[in-house]
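Subject: Structure handover

Hello,

Here is the structure I said I would pass on, with the sequence. My notes on helix packing follow below it.

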Amino acid sequence: MDINPNLSEKAKHDYTLVLLAVEGDQKAYAELMGRYRDAIYFMLLKMVNNKSDAEDLTIEAFGKAFKNIHQYSPNYAFSTWLFKIASNNCIDYLRKKRNNIVSIDGTHMNEEKENDQPIHLKDEAPDPEEGLIKQQKAVLMRTVVKKLKPRYRTLIELRYFNEFSYEEIAQELDLPLGTVKAQLFRARELLFNTLKNSDVKLG
């Protein structure tokens, strides 16, 4: 595949990592995540204005990108492609969140304002794509998550891989809700730091 000659050296290095990732190199996945995790997170934080949601959406964005990484074309920078996936996923999340709130009382306030946007109200049926993303996240994160202490590893697995709510985690582990939130915050911090330093940690 021809590479855009205008790509920066950083973008060319990203493409090398993409090729390795497509071949199944977990270290390449982790390095790509480490290079862009912070930038993606802060972009999403501005969009949702909630740290916990931004962190969840960051992991989700990488899950979607890595699931479709074979579709990336070096006609443009990997970072451009990744940021578009992350922003589109966040927009979808915000739209679903708004629709869920609107659907509670049966009114659809956004019908007049956004006639070109379909309203999605089916929340009961599991989304096949979300199932694939969940599986992909489990595969991609397994190496890094194993490096966490057991209690933090359990929290990450329950929250991201099993998609438990904070309340469900508290019940499962018989812990106060505040403790779960505090420890999960710390677990995420450790996880992201490990990813950010993946060239050292996963060498």
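Please keep in mind that this is a predicted model.

Helix α2, residues 26-48, packs against helix α3, residues 51-67, at an angle of about 135 degrees, and their axes are 8 Å apart. That angle makes α2 oblique to α3, since angles over 145 degrees would be needed to count as roughly antiparallel. The crossing of the two is right-handed.

On the α2 side, the residues in contact are Tyr29, Leu32, Met33, Tyr36, Arg37, Ile40, Tyr41, Leu44, Leu45 and Val48. They meet Lys51, Asp53, Ala54, Glu55, Leu57, Thr58, Phe62 and Phe66 of α3. Sorted by class, this contact between α2 and α3 has 13 nonpolar residues, one polar residue and four charged ones.

Arginine 37 sits in helix α2. Is arginine 37 buried or exposed? Its relative accessible area is 10%, so arginine 37 counts as buried, the cut-off being under 20%. Leaving aside residues up to four places away in sequence, arginine 37 touches Glu55, Thr58, Phe62 and Phe192.

The second pair lies further along the chain. Helix α6, residues 150-161, and α7 pack at an angle of about 135 degrees, with 10 Å between their axes. α6 and α7 are therefore oblique to each other, and their crossing is right-handed. From α6, Thr154, Leu155, Leu158 and Arg159 meet Tyr166, Ile169, Glu172 and Leu173 of α7. By class, the residues of this contact of α6 with α7 are five nonpolar, one polar and two charged.

Helix α7 itself covers residues 166-173. Which of its residues are buried? Tyr166, Ile169 and Ala170 are. These three span an arc of only 100 degrees around the axis, so they lie on the same side of α7. Gln171 and Glu172 are exposed, and they are carried on the face of α7 turned away from the buried side. Glu172 is also among the α7 residues that meet α6.

When you open the model, arginine 37 in α2 and the buried side of α7, with Tyr166, Ile169 and Ala170, are the places I would show on screen.

Regards

Conventions
Residues numbered from 1 in each chain as written. Predicted model: local features only at pLDDT ≥ 70, side-chain atom pairs only at ≥ 80, totals over all residues. Heavy atoms only, no water. Axes fitted to C-alpha atoms, helices over the stretch in contact; angles between N-to-C directions. Helix = DSSP H or I, 4+ residues; strand = E, 2+ residues; numbered from the N terminus. Parallel < 35°, antiparallel > 145°, perpendicular 65-115°, else oblique. Left-handed = near helix turned anticlockwise from the far one by under 90°. Contact = heavy atoms within 4.5 Å. Nonpolar A, V, L, I, M, F, W, Y, C, P; charged D, E, K, R; others polar. Buried < 20%, exposed > 50% of the residue type's maximum accessible area, 1.4 Å probe, protein only. Arc of directions from axis to C-beta.
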